[in-house]
Amino acid sequence: MSALVRAALVGAVVGIAEAMLYVFGDADEIPVVLAMALLPFPLGMFLSWFGRLPLSWAVSTLASFLLYVLMLAFAVFGLTLSTAMDFGAVTGTAAFMALGVIGYVAAAAIVMPGPAKARSLAAGFVAVTCLGLGLPHDLIAAGAQAERLHRAGLPLVGPGLDGFRLTHADDDYTGHPDEPELHLTYEGEGTMIEVWVLRPDLTGPYLACEYDSGADCRQVRDGVWMDDYRVMYASRGGTTVRLEGETASYDTLLAMLDTFRPIPLTELAAADRP
């Protein structure tokens with residue numbers, strides 16, 4: 001087995017170990033963060049020695065730093081490890097493994113004896129990887145958000161009224177993972193309209209209206225309810241939606257309700273996200 005293949009196996013194992021820490025630990029806790037930051041050094045060094053890689057200490061040290069560089073490069077584009085895990089544990093673990101493989105193969109090609117061409121190819125491979133994931137980063141982040149909403153049972157729906165564009169999309173879990181909400185902002189025609197796709201466990205627009213506003217709610221059209229503050233509620237996409245626009249006209253809000261449909265991923269990618 002060639003040294004580069006062994007380096008790839010070491011990187012894959014390090015990536016799996018990092019993924020396990022992320023999945024089974026609390027990534028917001030300082031001990032877990034420190035463990036994820038420090039693990040590549042001792043584990044990579046041991047595996048490199050066990051795999052009999054030439055200059056194993058140098059390969060494992062450089063590979064650990066390359067992993068940090070890659071993660072920082074992706075984070076600049078908004079592609080964090082949590083983004084990878086939003087696609088699910090299997091896909092997220094594969095992303096961790098890929099980072100490990102890239103880091104260790106590149107480090108092995110740079111450090112171990114061999115032609116200069118191999119070192120140049122390794123450096124180029126890392127650069128192309130960063131650029132290749134950086135170009136469609138908005139689309140990747142939007143796909144992660146859509147997958148996160150799907151797992152939460154929240155439909156990705158919104159209005160498609162001509163003259164308005166989606167400018168902001170935030171899936172707000174209101175402090176409770178079992179109570180997700182999707183907050184969308186649309187701008188156009190000199191006004192801004194906010195849309196909330198509410199958690200599916202609410203029993204309908206009328207009760208959502210009463211629950212949110214505490215005001216008298218009246219039916220303004222079949223299936224459409226409105227409170228005293230001209231906030232509209234209706235059922236769309238299998239759940240309850242809420243529309244609010246301080247300067248939007250009554251007719252504009254109704255027109256928005258008539259154009260609800262699944263939001264295309266490209267439209268979601270063009271919107272700002274927190």
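A search of the whole structure finds one disulfide, meaning a pair of cysteine sulfur atoms within 2.5 Å. This is a predicted model, where local features need pLDDT of at least 70 and side-chain atom pairs count only at pLDDT 80 or more, while totals for chains, interfaces and linings use all residues. Residues are numbered from 1 along each chain as its sequence is written, and side-chain values use heavy atoms, with hydrogens and water left out.

**Stop 1: the disulfide**

Select C209 and C217. Their sulfur atoms sit 2.0 Å apart. Look along the S-S bond: the angle about it is -95°, and the link is left-handed. Are these cysteines buried or exposed? C209 has 0% relative accessibility, so it counts as buried. C217 is also buried, at 14%. Buried means under 20% relative accessible area, exposed means over 50%, and partly exposed lies in between (1.4 Å probe, protein chains only).

**Stop 2: a serine in a helix**

Now select S60. It lies in helix α4, which covers residues 56–76. Helices (H or I, at least four residues) and strands (E, at least two) are DSSP runs, numbered from the N terminus. S60 is buried, because its relative accessibility is 0%. Which residues does S60 touch, leaving aside its neighbours within four places in sequence? Show G44, M45, S48 and Y104: S60 is in contact with them. Contact means heavy atoms within 4.5 Å.

**Stop 3: the salt bridges**

Side chains of opposite charge can pair when their charged atoms come close. How many salt bridges does a search of the whole structure find? There are three. Each needs a side-chain nitrogen of Lys or Arg within 4 Å of a carboxyl oxygen of Asp or Glu.

Start with D228 and R218. Their side chains meet at 3.8 Å, N to O. D228 is in the loop between β6 (224–226) and β7 (232–236), while R218 is in strand β5 (residues 218–221); the two are ten residues apart. R218 counts as partly exposed, at 41% relative accessibility.

Next, pick D258 and R221. The closest N and O atoms of this salt bridge are 2.7 Å apart. D258 lies in the loop between α10 (250–257) and β9 (260–262), and R221 lies in strand β5, so the pair ties together parts that are 37 residues apart in sequence. R221 is partly exposed, with a relative accessible area of 32%.

Finish at E267 and R261. Their side chains form a salt bridge at 2.5 Å, N to O. R261 is partly exposed, at 26% relative accessibility.
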